[in-house]
Amino acid sequence: MCGIIGVIDRNRQLMDGGKIRDSLAMMDERGSGEGAGYVAYGIYPDYKDYYALHVFFDNIRENKVPLDNLLEKWGTIVHDEQIKTYEQPNIRKVHTPWRYFFRPDRSLMPKSTTPDEDIVTHLVMKVNAEKNGALIFSSGKNLGVFKAAGWPEDVANFYRIEDYKGYLWLAHNRYPTNTSGWWGGAHPFNLLNWSVVHNGEITSYGTNRRYIESYGYKCTMYTDTEVVAYLVDLLVRKHGLSEKLAVRALAPPFWEEIDRMPPKEQELNRAIRLTYGPALMNGPFAICVANENALVGFTDRIKLRPLVSGESGDRLYISSEEAAIRRIDPDVENISMPKAGEPVIGRVYS
Amino acid sequence: MSIGSTPLKFKVSIDPDRCMSCGRCIENCSYGVYRKEGDDIRINSRNCVACHRCLAFCPRDAIDIEEKPNDYRSHPLWTREVREAIFNQAKTGRIILAGMGNALPYPVIFDRLVLDACQVTNPSIDPLREPMELRTYLGKKPSSLTLKQLPDGEVELITKLTPNLQIETPIMIGHMSYGAISLNAQTALAKAVSRIGTFMGTGEGGLHESLYPYQKNMIVQVASGRFGVDINYLERGAAIEIKIGQGAKPGIGGHLPGEKVCADVSCTRMIPEGSDAISPAPHHDIYSIEDLKQLVRGLKEATEWKKPVFVKIAAVHNSAAIAAGIARSSADAVVIDGFRGGTGAAPRVFRDHVGIPVEAAVASVDAKLRQQGIRHKVSIIASGGIRESADVAKIICLGADAVYIGTSALVAMGCRVCGTCYQGNCAWGIATQKPELVKRLDPETNSVQVENLIHGWTLELAELMGAAGINSIESLRGNRDRLRGYMLDEGLMEVLDVKTVGA
């Protein structure tokens with residue numbers, strides 16, 4: 001099951017998390033109270049030039065010093081602090097959430113054309129693979145993921161999500177199957193500026209994981225969703241595809257449709273499928289992916305999971321359910337249900 | 001002869017109550033088991049190879065064939081086969097020749113792997129009601145695309161794709177040469193693949209003129225003997241395959257006994273009639289991976305870079321590293337031929353003892369290519385012991401792009417896997433060049449049988465994919481998460497990169 005929602009204000013007007021929480025709580029039927037999470041873009045304007053690393057520590061005394069040392073080895077910790085939380089009767093605080101604002105030392109990756117991002121990616125992969133009581137679950141600039149095991153409203157209140165103001169939000173209400181109430185298993189998943197929420201199960205995970213791992217990514221979260229964040233990072237950031245073409249690669253048209261396209265279009269679509277066959281995602285899914293500039297929603301090639309979009313002025317909403325969108329904005333317009341594999345894209349005005 | 005005669009391999013008997021003395025067994029047996037004496041049909045069981053031709057054509061089910069009617073004293077080490085091989089070599093002093101694939105009872109990895117299916121959390125997909133894509137492209141793929149944004153918002157593709165072979169099912173027919181099998185058998189296979197939209201290999205025996213109409217579905221082979229190779233041959237093929245080795249006899253060249261080199265075979269192969277066609281063990285212009293690279297490029301140049309070039313190697317211990325070398329050349333696909341691969345004739349010692357199973361070889365090749373970031377540079381074709389659609393699904397999960405079948409296609413034409421192909425007496429008209437036997441095989445009806453087989457497997461493959469919640473074959477490829485090992489040892493599961501059942 002799982003319920004997802006994504007909102008973008010294309011004029012970068014900030015929205016606080018209160019309504020996102022209420023909207024996600026509308027879909028409690030889709031969850032089981034074992035995981036929920038939020039990501040908001042634009043929440044750290046004072047530190048917007050630094051990578052905001054959100055970390056779950058198992059034990060502050062034991063696990064924090066090694067991470068501090070590692071970060072200092074690769075750059076500078078500009079500021080770090082505990083993420084404020086507020087006790088909730090239904091949430092057992094098994095981790096201590098922490099935030100770092102981090103500036104990588106780009107001279108340490110001289111061969112890379114994107115040294116900052118590669119250093120941060122390397123650190124995320126390394127720390128998460130080592131499993132030494134620290135998990136970096138958010139690593140972008142001017143954005144942050146807030147998640148835990150619990151119902152959407154409890155998780156939101158645990159972090160007091162209404163205190164954060166962002167122009168782009170993703171939120172997820174989890175009905176877990178692969179891993180039970182594990183904080184790291186809750187969505188959104190994030191790498192650099194890419195965040196993902198996902199409803200469904202990726203039957204091609206084994207293929208996708210092996211493909212993405214051959215590019216140096218490491219899947220460490222015991223769930224199929226993280227692979228989406230890495231695939232999008234590879235296709236868009238490293239290979240330079242537009243979001244639209246990246247979605248085309250992940251949920252491509254059927255050969256039958258491609259065979260009927262005009263020659264130029266056919267050639268392009270065939271090339272995408274041949275090149276990105278191992279990135280093709282199969283199985284039932286509805287996904288919202290975001291970066292600092294855009295929100296993209298899409299489903300699997302035969303739409304085995306629901307996805308609805310709506311608009312209201314500068315705002316674009318994408319969700320599992322229309323009711324969730326109306327909870328935020330009762331006057332929403334242009335409600336529509338995108339076709340299988342067809343992306344809904346909202347982009348900030350530049 | 002101090003050894004005397006060895007026990008019968010098969011004992012043939014005719015039930016006199018059922019036999020009506022029609023003589024069809026006498027007509028059909030090409031090994032001289034039956035003869036007429038007066039009104040009686042006499043039997044010489046010693047000649048029987050259990051090809052079942054007589055059984056299949058006896059109208060009264062009067063014939064019984066019993067295997068190993070006489071027992072040796074049983075012994076776990078000194079098996080019957082070992083003892084008989086010694087008798088044979090004590091008499092002849094020669095290398096023992098054998099046919100078909102590996103005959104030792106090694107465990108079959110395929111039969112220790114089980115496939116996955118969806119329940120509840122993800123729906124299975126019904127191929128009768130939803131599209132199911134098995135289309136496969138064989139050849140080099142780019143690792144990423146160069147695109148140009150046009151002013152009208154459209155995107156132009158700058159990257160030029162190298163030619164790929166497009167197949168509608170990941171099942172092709174492997175290389176069985178004219179010479180090893182009859183022209184009628186090759187024609188039946190050719191008709192089948194051209195109707196299905198897949199491909200077959202010519203083997204190393206050249207391409208007979210009468211098969212030119214099917215050339216766009218033929219992969220022409222260049223082996224160490226270079227039989228039948230000229231520019232005309234290369235240009236006719238849809239793709240070219242360099243055969244370095246074959247699973248049934250890794251490390252040595254092909255064997256075609258002179259008995260099978262009739263006039264027509266000699267023309268197509270460009271060798272003298274009646275001469276043994278023994279290919280050299282290595283290609284004499286390939287003594288290193290760089291030499292192979294040059295031959296690949298030479299063949300590409302000769303055919304103006306229009307055709308994919310495949311390289312076939314036998315599955316051996318170091319297959320993964322060899323495949324990585326091949327991927328770095330201009331080659332478009334690597335064929336991995338496992339040690340169960342069939343053959344018309346091979347030294348028994350090679351057939352039974354050299355090489356490794358295709359399952360392990362494909363798994364390690366796929367993993368090695370991914371580790372080195374060059375998996376896209378080459379497609380993987382698996383062959384050698386693919387018996388049913390489940391084997392196809394499993395080997396694709398282990399990383400193959402497509403398979404070649406050989407023995408299975410012959411069985412679809414009547415072959416009973418008797419393993420005496422090298423004698424040239426095939427009663428089914430398959431592995432023989434004797435005109436009276438060849439004419440028994442009608443290309444048209446047999447092509448339908450082969451087509452039926454591949455069609456049936458393709459339907460089953462679509463069902464297996466649908467049950468796994470996958471509607472496109474690229475999501476099955478290398479998807480080892482959808483396999484589980486059942487009673488496989490830990491070391492092998494690590495090589496295959498699969499978990500145990502229940503995990």
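Predicted model: local features only at pLDDT ≥ 70, side-chain atom pairs only at ≥ 80, totals over all residues.
Q: What does the secondary structure of chain A come to?
A: Chain A has 10 helices and 18 strands.

Q: And how compact is chain A?
A: Its radius of gyration is 19 Å, close to the 20 Å that the globule rule gives for 350 residues, so chain A is as compact as a globular protein of that length.

Q: What box do the C-alpha atoms fill?
A: Roughly 60 × 50 × 40 Å for chain A, taken along the principal axes.

Q: How many of the residues in chain A are buried, as a percentage?
A: Buried residues are 55% of the 350 in chain A.

Q: What about contacts in chain A between residues at least 6 apart in sequence: how many join residues at least 24 apart?
A: 73% of those contacts do.

Q: Switching to one residue. Where does A:H95 lie?
A: A:H95 is in the loop between strand 5 (75-82) and strand 6 (96-104) of chain A.

Q: Buried or exposed, that A:H95?
A: Buried. The cut-off is 20 or more other C-beta atoms within 10 Å, and A:H95 counts as buried because it has 23 C-beta neighbours inside 10 Å.

Q: Which residues does A:H95 touch, not counting those up to four places away in sequence?
A: A:F56, A:F57, A:D58 and A:W183.

Q: And where is A:L235 relative to A:H95?
A: The two are 140 residues apart along the chain, and their C-alpha atoms are separated by 33 Å.

Q: OK, the contact of chain A with chain B. How many residues from each?
A: Chain B gives 34 residues and chain A gives 28.

Q: Which elements of chain B supply at least two residues each?
A: Strand 9 (155-157) and helix 10 (358-371) of chain B each do, on the side that touches chain A.

Q: How do the residues on that side of chain B divide?
A: Into 10 nonpolar, 13 polar and 11 charged.

Q: Last topic, helix 11 and helix 14 of chain B. At what angle do they pack?
A: Helix 11 (residues 389-397) and helix 14 (residues 443-467) of chain B pack at about 50 degrees, with their axes 9 Å apart. Helix 11 and helix 14 of chain B are therefore oblique to each other.

Q: Is the crossing left-handed or right-handed?
A: The crossing of helix 11 and helix 14 of chain B is right-handed.

Q: Which residues meet there?
A: B:S389, B:V392 and B:A393 in helix 11 meet B:W457, B:E460, B:L461 and B:L464 in helix 14 of chain B.

Q: And by class?
A: The contact of helix 11 with helix 14 of chain B has five nonpolar residues, one polar and one charged.

Terms used
Residues numbered from 1 in each chain as written. Chains lettered and ligands numbered in written order. Helix = DSSP H or I, 4+ residues; strand = E, 2+ residues; numbered from the N terminus. Rg over C-alpha atoms; globule rule 2.2 N^0.38 Å. Buried ≥ 20, exposed ≤ 12 C-beta atoms within 10 Å, placed from the backbone. Contact = placed C-beta atoms within 7 Å. Nonpolar A, V, L, I, M, F, W, Y, C, P; charged D, E, K, R; others polar. Axes fitted to C-alpha atoms, helices over the stretch in contact; angles between N-to-C directions. Parallel < 35°, antiparallel > 145°, perpendicular 65-115°, else oblique. Left-handed = near helix turned anticlockwise from the far one by under 90°.
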